[in-house]
Amino acid sequence: MPSLWFVVPAHGRVELARICLRQLRRTCDALTENGVEATAVVVADDENLETAKDLGFGWVKRDNRFVSRKFNDGIQLACDRKFNRRPADHVVPCGSDDWVDWRLFTDLPDNRTMVAFQRMSFVREDGQELTVRHVNNEGGCGIRIYPRFLMQRAGYRPADEDRLRACDTSILMNVKHTGALRRIEHRDIDPLSIVDWKTSGVQLNSYAEVSSRHRAELERDPFDILAGRYPDDALDEMRGHYARRARTSLVIA
Amino acid sequence: MIHGIWKTAGRRTYRGHAPSEPPWEASIPATVAARAINRGDLALLEEFVPSLPPEFSLPEGWLG
């Protein structure tokens, strides 16, 4: 059975990350039931590590100074035999605020192909609106499937070590520089298969920035449109999370 | 690429780091670093190969 690891740097926003990591656990279990042995590694230095341990994921304790280094740590633990006697066949960088549908990862690319997705959904910081966007660049959104071979050619640490943002671009550029990447395969997907749950105050790219930068295809209530696609438990947890945040904001105001 | 701890040596800010700043960590292409060092703008205090930190764990049951 081929294997796949999600690589998840995390920092703060512990409650949201816990909900998303629990959903990632369901994604991994569904993949494993459907022929791809899947798990994740969480890279953090705070309470998110406890969540990772509770869920049976791998973990790396790393400070948050350089986000790119956290991606590298997770990829290295997943793929480098020096640290993992049974290295993963594929890795997928993933945010601690993302939901991904397991069906995206059943068809895995060959050694010299990276899979990219250009359509995805974003939920506004207040949890009241979901927008579907076309991320019209070569690498698509940050969720990508990389075969281990490409990571190996990049020394298992493909991102520039000192980046605070644009880590996905850095990984892709450095993988390209190795000369091992032959093809980027863009898969046309249902954009609700990737959901980025925004949180106010901590985003590198806010909902407003995403909205201004990428073409909109749809705007709806997130919980209505995601019902039936993701488990009710996960949606209930997320609805509760945004409701609590709204109450807290009111109290502070 | 050289990864290490650097210090801005000259009077000018280098890569956003002022001379008065404490040493900073970065990866810099070898040729770029060599030129900056020759100009007297940059000093390499420590070079190292980045790797996993000491505390990490594989997923539960991964090795069976």
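This is a predicted model: local features need pLDDT of at least 70, side-chain atom pairs count only at pLDDT 80 or more; totals for chains, interfaces and linings use all residues.
View 1. Although A:Ala166 is not a glycine, its phi is positive, at about 55 degrees. A residue is called buried when 20 or more other C-beta atoms lie within 10 Å of its own and exposed when there are 12 or fewer; because A:Ala166 has 16 C-beta neighbours inside 10 Å, it counts as partly exposed.

**View 2. Helix α5 of chain A and what covers it.** Helix α5 of chain A holds 12 residues, 167–178, which at 1.5 Å a residue should span 16 Å, and this agrees with the 17 Å that separates its end C-alpha atoms. The residues A:Cys167, A:Asp168, A:Ser170, A:Ile171, A:Leu172 and A:Val175 of this helix are buried, and their cover includes α3, β4 (90–93) and α4 (148–153) of chain A. After α5(A) comes A:Gly179, whose phi is positive and near 80 degrees.

**View 3. The largest nonpolar core, with A:Val91 among its members.** This core has 72 residues, and the ones that touch the most other members are A:Val7, A:Val41, A:Val42 and A:Val91. Helix α1 of chain A, residues 14–33, contributes the largest share of the core, eight residues. When neighbours within four places in sequence are left aside, A:Val91 is in contact with A:Trp5, A:Val7, A:Ile75, A:Ala78, A:Cys79, A:Tyr146 and A:Met151. In soluble globular proteins, nonpolar side chains tend to be buried together.

**View 4. The contact between chain A and chain B.** Chain A brings 21 residues to the contact, and chain B brings 15 residues. On the side of chain A that touches chain B, β3 (58–61) and α3 (67–79) of chain A each supply at least two residues, and α3(A) gives the most, with five residues. Sorted by class, that side of chain A has five nonpolar, six polar and 10 charged residues. Two bridges also join β3(A) to strand β4 of chain B, residues 56–57, and these two strands run antiparallel; here A:Val60 stands opposite B:Phe56.

**View 5. The open sheet of chain B and the helix packed on it.** Three strands of chain B make up an open sheet in the order β2-β1-β3, with antiparallel pairing. Because β2 (24–28) and β3 (42–47) of chain B stand at the edges and each has a single partner strand, one side of each is left without a neighbour in the sheet. From one strand to the next, the twist averages 50 degrees. Strand β1 of chain B, residues 2–8, pairs with β2(B) over five antiparallel bridges, and the bridge partner of B:Ile2 in β2(B) is B:Ile28. Helix α1 of chain B, residues 30–39, packs on the sheet and touches β1, β2 and β3 of chain B, while its direction makes about 125 degrees with that of β3(B).

**View 6. The loop residue B:Arg15 of chain B.** B:Arg15 belongs to the loop between β1 and β2 of chain B, and its phi is near 50 degrees, a positive value in a residue other than glycine. Because B:Arg15 has 14 C-beta neighbours inside 10 Å, it counts as partly exposed.

Technical notes:
Residues are numbered from 1 along each chain as its sequence is written. Chains are lettered from A and ligands numbered from 1 in the order in which they are written. Two residues are in contact if their C-beta atoms, placed from the backbone, lie within 7 Å. Helices (H or I, at least four residues) and strands (E, at least two) are DSSP runs, numbered from the N terminus. Ala, Val, Leu, Ile, Met, Phe, Trp, Tyr, Cys and Pro count as nonpolar, Asp, Glu, Lys and Arg as charged, and the others, Gly among them, as polar. Two strands pair if DSSP finds at least two bridges between them. A nonpolar core is a set of buried Ala, Val, Leu, Ile, Met, Phe, Trp, Tyr and Cys residues joined through C-beta atoms within 7 Å. The expected span of a helix is 1.5 Å times one less than its number of residues. Axes are lines fitted to C-alpha atoms, for helices over the stretch in contact, and angles run from 0 to 180 degrees between N-to-C directions.
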